[in-house]
Amino acid sequence: MLLYIVFVRLLFGLICWTWYVPDETWQSVEVSHRLVFGTGYRTWEWAEQIRSALHPILFSIPMILLKTLNLDSQYLIVLLPRILQGCLTGLCEYKLYSAVKSREGSDVGSWFFILTLFNWHTLYSASRTLINTAEYGLTSLALSVYLSSDRNVTGKNCFSFLPLVGLLFMLRPTSALIWAPLCLLRLPYIFRWSFVPATFIWCVTTVLVVGLCLMADSLFYGNFTITPLNFFIVNVYQNLGVNYGSHPWHWYFSNALPSAFGPLLIPFLQGLKTSQLFQLLPVAVNIAFLSLLPHKELRFLQSSFPFLILVISKQMSKYSLSAQRLMKYLLVCGNLVLSVYLSTVHQRGVNEAALWIGRRGLDNMKTGREDSVLFLMPCHSTPLYSHIHVNISTRFLHCEPNLSGLEDYVEEADEFYADPEGWLDQLDVLPTLVVSFDSLAPAVNNFLQNYQICASFFHSHFPQGRIGGNVVVHCIK
């Protein structure tokens, strides 16, 4: 089963050349590329020190290897971090599957295997270099340790999951919403004298893990840094996440969960009455707290998936064998079709444009020419140096939140879209390349008279708002 799980994750890592969300590159491999090759952009989150350096450091490892071996081609620089993430995700999922099968039996284990491996969202995202994917994998690993000790809790294993939880918290502070309830459920065991020595050792180990993470982050930023505290101040207290969109309080219930699980919510609801507290309490706390924040995304629920799938799996295993066979076939086929489309077709244009710019940059280096690129699209709509992998001048529309509390603050992207031609008139030097969605062309027609189309890439069958159906690259005449 291990080889099968890892194979599927690696396969989707190989075929997935589409765009999901900006954080997939801008908060991970873009920073890694800067660490290793000296070119890469750090967004405002890194200036505010709310991100842990451990995540980009992880992806710098394959980049360092490629650089050392002089194999740092554009293709391998993009591919190897995804391969690494896919392997790690698969290993963590296998550990959890083994724990579930051992605890609940082969019937539940079979369903857990299928629903975990072939959920469309995990197929789509499990090999992507997102912090949410890393959080999902580590949550699965920590939960496997928790479940392994749950049937026979001893002083030795009662809190053996804590070091992983400490690492999770330093990487993604919101993981506390999942693990604080689980820690509370184990709290009564502290009062057993025979459990005290082992519990003390696990707590000390956890403190050491957290301390090493603090040291790594502080060395990365050049000053003593507690990233979880900064994360809380910026995203919760100051609520700057609202800058990237807001949703009603019920969005996770009315949109995210139905999107992620579809008809599987029916067996989930059926299984609620027989589910144990450790399966439901973490999910309830996580969703309840996240629902209070205006900015919501499906990927924020990724760490809740193992708990939800466990409840669903136990209920599905109670159906008749003929019904189970039919549902397995339909679920696997349906999820595969959707995930393959999302991974190979939907929103691929921005990635292809970045790769094309990188190839052109390499060709220009042979002739001594040098490009300058202007991205006229919603900020962070494309990968940058992590995909271009050539040291050329780039410019994109910024969308930092109002960090200084200025009155009448307008982010650069909104300023541009309010008056595209007026904004472009302020440019001192014309870039050699302009990258935009095709939907923008009518608004910048006068400016584009200096250019001609030199490349066009399909992006989406579902253009909306500022996102067009194609990405167009204009070259200066």
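Trainee: Is Cys399 buried or exposed, and what is its relative accessible area?

Mentor: This is a predicted model, in which local features need pLDDT of at least 70, side-chain atom pairs count only at pLDDT 80 or more, and totals for chains, interfaces and linings use all residues. Residues are numbered from 1 along each chain as its sequence is written, and side-chain values use heavy atoms, with hydrogens and water left out. Buried means under 20% relative accessible area, exposed over 50%, and partly exposed in between, with a 1.4 Å probe and protein chains only. Cys399 therefore counts as buried, its relative accessible area being 3%.

Trainee: Which residue does a disulfide join to Cys399?

Mentor: A disulfide is a pair of cysteine sulfur atoms within 2.5 Å, and the structure holds two of them. For Cys399 the S to S distance is 1.8 Å, and the residue joined to it is Cys379.

Trainee: How many residues apart in sequence are the parts that Cys379 and Cys399 tie together?

Mentor: Helices (H or I, at least four residues) and strands (E, at least two) are DSSP runs, numbered from the N terminus. Cys379 lies in the loop between strand 1 and helix 19 (385-388), whereas Cys399 lies in the loop between strand 2 and helix 20 (412-418), so the parts tied together are 20 residues apart in sequence.

Trainee: In which strand does Cys475 lie, given that Cys454 and Cys475 form a disulfide?

Mentor: The sulfur atoms of Cys454 and Cys475 are 1.8 Å apart. Cys454 is in strand 4 (residues 451-458), and its partner Cys475 is in strand 5 (residues 470-476).

Trainee: Which residue of strand 2 is the bridge partner of Phe375?

Mentor: Two strands pair if DSSP finds at least two bridges between them. Within strand 2, the bridge partner of Phe375 is Phe396.

Trainee: Which residues is Thr89 in contact with, leaving aside its neighbours within four places in sequence?

Mentor: Thr89 has its place in helix 5 (residues 74-104) and is buried, with a relative accessible area of 0%. Contact means heavy atoms within 4.5 Å. With neighbours within four places in sequence left aside, the residues in contact with Thr89 are Arg9, Ala126, Thr133 and Tyr136.
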